[in-house]
Amino acid sequence: MELLLGTAQWVGNYGLFRGENPSSDRCELLRTAAVLGFGGLDTAPAYGDAEAVIGACSWPGRIHTKIQSDFDPRVSLKRSLTALRSESVD
């Protein structure tokens, strides 16, 4: 079983940050999550800049993302990989 951290809370009026702009706190959150045993992240292009933040923070674990419905799946995946600074997702 894998413990995942969801990144939907990073946008809008949802979850921990409730509309704040916590960009400096998110890398620390990811570091803490890794130390606490989170093995992966759940993200999506719809979650604001979450994919770019994950890429900038060099997340060491697995990344699960979604396909953006208004793009060809290949284009969506390529955009996500670029933002995530990764060659693959899970």
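1. Which residues form a disulfide, and how far apart are their sulfur atoms? In this predicted model, the pair is Cys-27 and Cys-57, with a sulfur–sulfur distance of 1.8 Å. The structure holds one disulfide.

2. The link between Cys-27 and Cys-57 is left-handed, with an angle of -80° about the S-S bond. Cys-27 belongs to helix H1 (residues 23–35) and Cys-57 to helix H2 (residues 50–57), so the bond ties together parts that lie 30 residues apart in sequence.

3. Is Cys-57 buried or exposed? Its relative accessible area is 15%, and because buried means under 20%, Cys-57 counts as buried.

4. Ser-58 deserves a separate comment on its backbone. Its phi is positive, about 55°, although the residue is not a glycine. Most residues other than glycine have a negative phi. Ser-58 is located in the loop between H2 and strand E3 (62–64). With a relative accessibility of 57%, Ser-58 counts as exposed, whereas Cys-57 is buried.

5. Where is Arg-85 placed? Arg-85 sits in the segment after helix H3 (73–84). Arg-85 is likewise a residue other than glycine with a positive phi, here near 55°. Its relative accessibility is 62%, and because exposed means over 50%, Arg-85 counts as exposed.

6. In summary, the points for the reader to inspect are the left-handed link of Cys-27 and Cys-57, the positive phi of Ser-58 and the positive phi of Arg-85.

Notes: Residues numbered from 1 in each chain as written. Predicted model: local features only at pLDDT ≥ 70, side-chain atom pairs only at ≥ 80, totals over all residues. Heavy atoms only, no water. Disulfide = S-S within 2.5 Å. Helix = DSSP H or I, 4+ residues; strand = E, 2+ residues; numbered from the N terminus. Buried < 20%, exposed > 50% of the residue type's maximum accessible area, 1.4 Å probe, protein only.
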